[in-house]
Amino acid sequence: MARIRDICLSSAAAVATLILSACSNQSTRSAQSVPGSDVTEVTDIRPNPPSAESSSHRLIGKAPKATNGMSALVILEPQTPLELPSQAVKPVMDQISLTFIPGLLFARTGQPVEFRNSDETLHNINVKDDATKEQAFNVALPTGVTYNHTFKRDGLYNVGCDIHAGMAAVIISSSTPFTTIADGKGNFVFEDVTPGLYTVRVYAGNQRLERSVEVAGARTEVSIEGP
């Protein structure tokens, strides 16, 4: 988990570890810093936010506050099978000025991610599952070339370039579109949630927390601030 803590977002840009907006999880965020790496831009991507017409149910939550400039990453996973929309836009990770852009990327398990090299130098992309250390892939990527990969399992994936050791990023692949970054105070919101039972998973510094919650009615609240 140490590498994850180094990669996750700075609260100086109003957010932060593992999973969008201080007010809503459906926005896109950019120009954030990543502590402990050369990454100077992080884009927060919701590849497939649910349709605003699908539901009016909102989950409002409280995760641990940001520590050392790192906010909490939050994933909302249904406990029973649900029909979830496919990603509307393919997530993209580029390489610019010896930097992975974004430094944190949300992806959907079973759906493609595109990797690019916009630098005028050869890079390779070495991606490993943080939990198992299993290599997802390791490919060389010349200038102007793209590569597509589909993650088969949910998880946190560390991204590096063996040619340029200072390059680092994190990919969070999940089967659910409900992934977000809490604000510095730990607040997060999921909009348009289908009613049902869910597990809230939070990555905050070296903490990994879980809570079960039932989404019902127009507004559901959950607190997951500690064990």
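User: What does Val200 touch, leaving aside its neighbours within four places in sequence?

Analyst: Val200 is in contact (heavy atoms within 4.5 Å) with Leu59, Val74, Ile75, Leu76, Phe188, Leu209, Glu210, Arg211, Val213, Val222 and Ile224. This is a predicted model, in which local features need pLDDT of at least 70, side-chain atom pairs count only at pLDDT 80 or more, and totals for chains, interfaces and linings use all residues. Residues are numbered from 1 along each chain as its sequence is written, and side-chain values use heavy atoms, with hydrogens and water left out.

User: Which residues touch the most other members of the largest nonpolar core?

Analyst: Those are Leu76, Phe188, Phe190, Val200 and Val202, in a core of 19 residues. A nonpolar core is a set of buried Ala, Val, Leu, Ile, Met, Phe, Trp, Tyr and Cys residues joined through side-chain atoms within 4.5 Å. Buried means under 20% relative accessible area, exposed over 50%, and partly exposed in between, with a 1.4 Å probe and protein chains only.

User: Which elements give two or more residues to this core?

Analyst: Strand S2 (73-78), S13, strand S14 (196-204) and strand S15 (207-215) do. S14 gives the most, with four residues. Strands here are DSSP runs (E, at least two residues), numbered from the N terminus.

User: What does a second, separate core include?

Analyst: The second core has 18 residues, among them Val113, Phe151, Tyr157 and Ile171.

User: Switching to rings. How many aromatic pairs are there?

Analyst: The structure holds six. Rings of Phe, Tyr and Trp (its six-membered ring) pair if their centres lie within 6.5 Å; planes under 30 degrees apart count as stacked, over 60 as edge-to-face and the rest as tilted. In one of the pairs, Phe115 and Phe137 have ring centres 5.2 Å apart and planes at 65°, so the pair is edge-to-face.

User: Where do Phe115 and Phe137 sit in the chain?

Analyst: Phe115 is in strand S6 (residues 112-116) and Phe137 in strand S8 (residues 135-141), 22 residues apart, so this pair links distant parts of the chain.

User: Phe115 and Phe137: buried or exposed?

Analyst: Phe115 is buried at a relative accessible area of 0%, and Phe137 is buried at 6%.

User: What about Phe178 and Phe190?

Analyst: They form an edge-to-face pair, 5.9 Å centre to centre with 80° between the planes. Phe178 lies in the loop between strand S11 (168-174) and strand S12 (179-181), while Phe190 is in strand S13 (residues 187-190), twelve residues apart. Phe178 counts as buried at 3% relative accessibility, as does Phe190 at 0%. Ring pairs also link Phe178, Phe188, Phe190 and Tyr198 into a cluster.

User: How do S1 and S13 pair?

Analyst: Strand S1 (residues 58-62) pairs with S13 in the antiparallel sense over four bridges. Lys62 stands opposite Asn187 in S13.

User: And Arg219, buried or exposed?

Analyst: Arg219 is exposed, with a relative accessible area of 53%. Arg219 is found in strand S16 (residues 219-223). Not counting residues up to four places away in sequence, Arg219 touches Arg58 and Ile60.

Technical notes
Two strands pair if DSSP finds at least two bridges between them.
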